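Take a moment to turn the model around on your screen. Then we can walk through a few of its parts together.

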Amino acid sequence: MNVYQQRFTPLQQLLHWVMAACVLAMLFIGVGMVSSTEPKYLRLISIHVSLGITVLVLALIRLAVRLRYGAPPLPADMPAGMKTAARVSHYLLYIFMISMPLVGWAMLSTADYPIVLFGSVRLPAILSQSDGLHTFFLRLHITVAFLFFALILLHVGAALMHALIRRDGVFQTMVPAGRAARSHASDGRRVERA
Amino acid sequence: MPDPHTPPARSSLAPLVLILAVILGAAAVFAYTAGWFSPQRLTPDKIVGALAPPTGPALGYRRNHAKGICFTGVFESNGAGAELSRAHVFMRGQYPVVGRFNLGTPNPDAPDATVRVRGLGLQITTPDGQEWRTAMIDPPIFPVATPEHFYALLTASKSKDPNAMKTFVAAHPEFAAFGAWASSAPFNASYAEERFNSLNSFIFIDAAGTERAVRWSLLPTVQPMPIPHDELAKQAPDFLEQEITERVAKGPVSWNLHVTVANPGDPTNDPTRAWPEDRRTVEVGTLVVQRIEPERDGPCREINFDPTVLPSGIHTSDDPFPAARSSAYRRSYDLRTAEARYYPRTAPSAPSAKP
């Protein structure tokens, strides 16, 4: 058995944790900025837009890496329903990571706002101004933001359940090998496949 | 598949409680960030809501400066501004503009003569793809110093308490200058006769990276013709829109754009305080209005004249208003675009208004 199937590759782990920080920052900045009229509002919007496009680029790289390297198999003793939930939630996470920035981009384009990254790079509009489409993309952006955050909470809850209750090695697939070996000498699957 | 190291599902509640605490804690921080536990936060919804008249907002329209008319034309830059800002718009040349003459009222049907504050929204586009949007008004100073005071002013002016405005004015002595202007300034007969002022301070960055705080104004090239007070009520409801339409139909109308540079120590964070008259002022070009179009199908209706849409070479200063305006304008834009079916467009493709 290839060692990479015990864990996600280091590149996948790096992408996961960097993107976890980016996506959480995006969600918190987004929900905070839309209720603000303070001077920080402008800075937050500018970070949100720049970080959003960064997430889009990282998510596309991550998707390619995932298609290339795959993922470690789920433990054989995991109930079928739980496996299905895991698969569906991961599909949704990818869909949200890729669609949210695109929906935001469309939302700004249809409102004829300039899209400026990192204070200087200007992105073209991907659609022309439209009242109806702006409203549609704005509502979609807000709705998916809350669904995305709820899904992340579920994801965190499931990861902690694997780490603390089931102790089946699933959590360890996303942490570097050295640390996992120290903190979790009894990785279930490694024993199983040894 | 025995695994002696993996304990069976344990009965201990501790891990479950921990997981639940992590999830609920994260959700609570999210809700806090969203302001759900902070009813005192000045949100764009509060400002936009406070602007609405007692009968409710005019659906499909801007939440303030709701009455307006579109124009197109050019900004003829004379090159003198290049010394102050590296923005392309200050390089000698002609750049297309879309703008909007407007009245400071939430009511799109307000008779022109009843509205004290007149405004001009402007978008200048340069060949490098950058835009400069600005929304100016005709008073020489702003009534209040901060967005919080603006909200307090709106609340007081709508209050049923007969002493609310008195209390507000007493608590905000800086309001007196605006009050004096509002009660004494003449009502001019044309948008062409108005001087429009940025009031807010911005920062210009020159080619060497030097930053200067500035304000700007459009100065009319037409002699003001104040309307005698007793004739104001006799004006047609849309006299300003009719007048500017007829005037521009006969020939272009222009304003000169003046940029005033602050001296060190001049107040940049308080638009109630004018800068001394002797400050350095540079005439950087001329706005030439060539064509007037009704707002209904005109090119300005779709533009949010957000004063923080700035080209590289201009940025916001410590003035707290542009950020608050940007936030509130965006909310207003989101509301009116969602209500587009209520807006009486005349284009054949427009959907019919629903009850």
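Which residues does B:Leu218 touch, not counting residues up to four places away in sequence? In this predicted model, B:Leu218 touches B:Leu120, B:Met136, B:Arg195, B:Phe196, B:Trp255, B:Leu257 and B:Leu287.

**The core**

B:Leu218 also belongs to the largest nonpolar core, a set of 87 residues. Along with A:Met107 and B:Val214, B:Leu218 touches the most other members of that core. The element that gives the most to this core is helix 3 of chain A (residues 80-109), with eight residues.

**Strand 1 of chain B**

Now find strand 1 of chain B, which covers residues 67-77. Is this strand largely enclosed or left open? Eight of its 11 residues are buried, so the rest of the structure largely encloses strand 1 of chain B. A residue counts as buried here if 20 or more other C-beta atoms lie within 10 Å of its own.

**Two packed helices**

Two packed helices are described by the angle between their axes and the distance between the axes. In chain B, helix 2 (residues 44-51) and helix 3 (residues 147-158) pack at an angle of about 35°, and their axes are 9 Å apart. The crossing of helix 2 of chain B past helix 3 of chain B is left-handed. On the helix 2 side, B:Lys46, B:Ile47, B:Ala50 and B:Leu51 make the contact, while helix 3 of chain B brings B:Tyr151, B:Leu154 and B:Thr155. Sorted by class, the residues of this contact are five nonpolar, one polar and one charged.

**Where the chains meet**

How many residues of chain A are in contact with chain B? There are 37 of them, and they meet 44 residues of chain B. Four helices of chain A each supply at least two residues of this side: helix 1 (10-33), helix 2 (40-69), helix 4 (131-166) and helix 6 (188-193). Helix 4 of chain A provides the largest share, 13 residues. By class, the side of chain A that touches chain B has 17 nonpolar, 12 polar and eight charged residues.

Key. Residues are numbered from 1 along each chain as its sequence is written. Chains are lettered from A and ligands numbered from 1 in the order in which they are written. This is a predicted model: local features need pLDDT of at least 70, side-chain atom pairs count only at pLDDT 80 or more; totals for chains, interfaces and linings use all residues. Two residues are in contact if their C-beta atoms, placed from the backbone, lie within 7 Å. Ala, Val, Leu, Ile, Met, Phe, Trp, Tyr, Cys and Pro count as nonpolar, Asp, Glu, Lys and Arg as charged, and the others, Gly among them, as polar. Axes are lines fitted to C-alpha atoms, for helices over the stretch in contact, and angles run from 0 to 180 degrees between N-to-C directions. A crossing is left-handed if the near helix is turned anticlockwise from the far one by less than a right angle, and right-handed if clockwise. A nonpolar core is a set of buried Ala, Val, Leu, Ile, Met, Phe, Trp, Tyr and Cys residues joined through C-beta atoms within 7 Å. A residue is buried if 20 or more other C-beta atoms lie within 10 Å of its own, exposed if 12 or fewer, and partly exposed in between; C-beta atoms are placed from the backbone.
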